[in-house]
Amino acid sequence: MATTVTAAAPVPTVVADQRPPGPTRLAAVATLVGRRFALSARTPREIIVPLVTPILFADVIAPALARTMGHPGGLDYLSFVAIGTVGLLVPLSAVLGGIGLLVDRDSGAQRDLLAAPVPRAAMVLANLVVAVAVASLQVVALLGAAALRGADFRVGATGVLWFTAATLGIAVAMHGAAETLASRIPKQEEYVGAAPPIALVPWFFAGSFFPISAMPAGLTAFAKVLPLTHALALMRYGLVDRSGAGLHDIWGRGDTTLMAAASLAVVAAFAVGLLAVAVRSFTRAAVR
């Protein structure tokens with residue numbers, strides 16, 4: 001009589017993955033931030049040079065204009081223009097940073113980074129952190145130079161918060177615009193020709209030299225849709241004009257704090273929108 005022996009099926013052995021864990025997103029962003037700092041701020045010259053024109057404007061041209069312009073809205077004109085010059089410095093800093101992004105793409109290590117297991121958004125975020133940090137340092141230096149020249153800033157906790165929020169918002173928005181241009185423009189020469197108008201043209205209409213109510217009605221309406229107009233009104237509300245004259249020029253009559261919140265919402269919306277466009281543009285450009 002034959003006996004049948006059934007062998008038990010082998011039990012699969014689970015082998016633990018011995019590969020080292022990949023870097024967390026936070027660690028990846030920190031590494032990318034350090035790399036971008038090394039590329040963008042290797043020498044003091046790369047931070048100081050963008051400051052030269054705004055400081056000359058705030059400390060040389062503005063005092064001369066103050067003798068003829070009087071006191072717009074009852075404000076010290078030197079202080080008025082010093083804040084307006086921030087609206088030149090921050091976009092200009094972002095635009096110049098975009099040139100570095102192009103150089104890194106064409107002759108730097110960006111191709112190698114794109115092969116690394118790092119989210120594309122993390123690379124954009126790292127560039128943003130460095131751009132905001134450099135612009136913030138430059139703004140502090142500009143305001144310090146203006147204060148030494150005689151600008152009268154009313155520094156208070158709430159006012160500093162309004163000023164900081166507006167400055168950060170416009171810095172994020174302008175970096176998003178610069179990153180988008182750098183992703184879509186193939187050559188540095190084209191970028192140099194296309195980017196400065198984005199940084200400079202809004203500055204002339206945003207109330208940098210005079211209240212927007214002094215312009216023709218059509219230009220005033222145009223100025224009201226510019227995020228820089230809202231940012232400058234917030235900055236002045238925070239450090240120069242607690243009556244919020246610039247906010248009233250935009251929104252009309254109403255509660256000043258509510259108008260400040262509305263302008264901050266406009267700046268934040270532009271910042272989030274332009275940053276989202278920058279991430280999308282960078283991601284699409286990276287896969288080409």
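Glu189 is exposed in this predicted model, with a relative accessible area of 61%; exposed means over 50%, buried under 20% and partly exposed in between (1.4 Å probe, protein chains only). Glu189 lies in helix 7. Its C-alpha atom is 9.6 Å from that of Ile99, although 90 residues separate Glu189 and Ile99 in sequence. Helices here are DSSP runs (H or I, at least four residues), numbered from the N terminus.

Helix 7 covers residues 188-205. At 1.5 Å a residue, its 18 residues should span 26 Å, and the end C-alpha atoms are 27 Å apart, which agrees. The expected span is 1.5 Å times one less than the number of residues. The buried residues of helix 7 are Tyr191, Ala195, Ala199 and Trp203. An α-helix has 3.6 residues a turn, so residues three or four places apart point the same way. Just after helix 7, Gly207 adopts a positive phi of about 85°.

Helix 6 (residues 157-184) and helix 9 (residues 227-239) have axes that come within 7 Å and cross at roughly 160°. Helix 6 is therefore roughly antiparallel to helix 9 (an angle over 145 degrees). Axes are lines fitted to C-alpha atoms over the stretch in contact, with angles from 0 to 180 degrees between N-to-C directions. Contact means heavy atoms within 4.5 Å. Among the contacting residues are Trp162 and Phe163 of helix 6, and Leu234 and Tyr237 of helix 9. The contact comprises twelve nonpolar, three polar and no charged residues. Nonpolar covers Ala, Val, Leu, Ile, Met, Phe, Trp, Tyr, Cys and Pro; charged covers Asp, Glu, Lys and Arg; the others, Gly among them, are polar.

Residues are numbered from 1 along each chain as its sequence is written. In this predicted model, local features need pLDDT of at least 70 and side-chain atom pairs count only at pLDDT 80 or more, while totals for chains, interfaces and linings use all residues, and side-chain values use heavy atoms, without hydrogens and water.

Notes
Helix = DSSP H or I, 4+ residues; strand = E, 2+ residues; numbered from the N terminus. Parallel < 35°, antiparallel > 145°, perpendicular 65-115°, else oblique.
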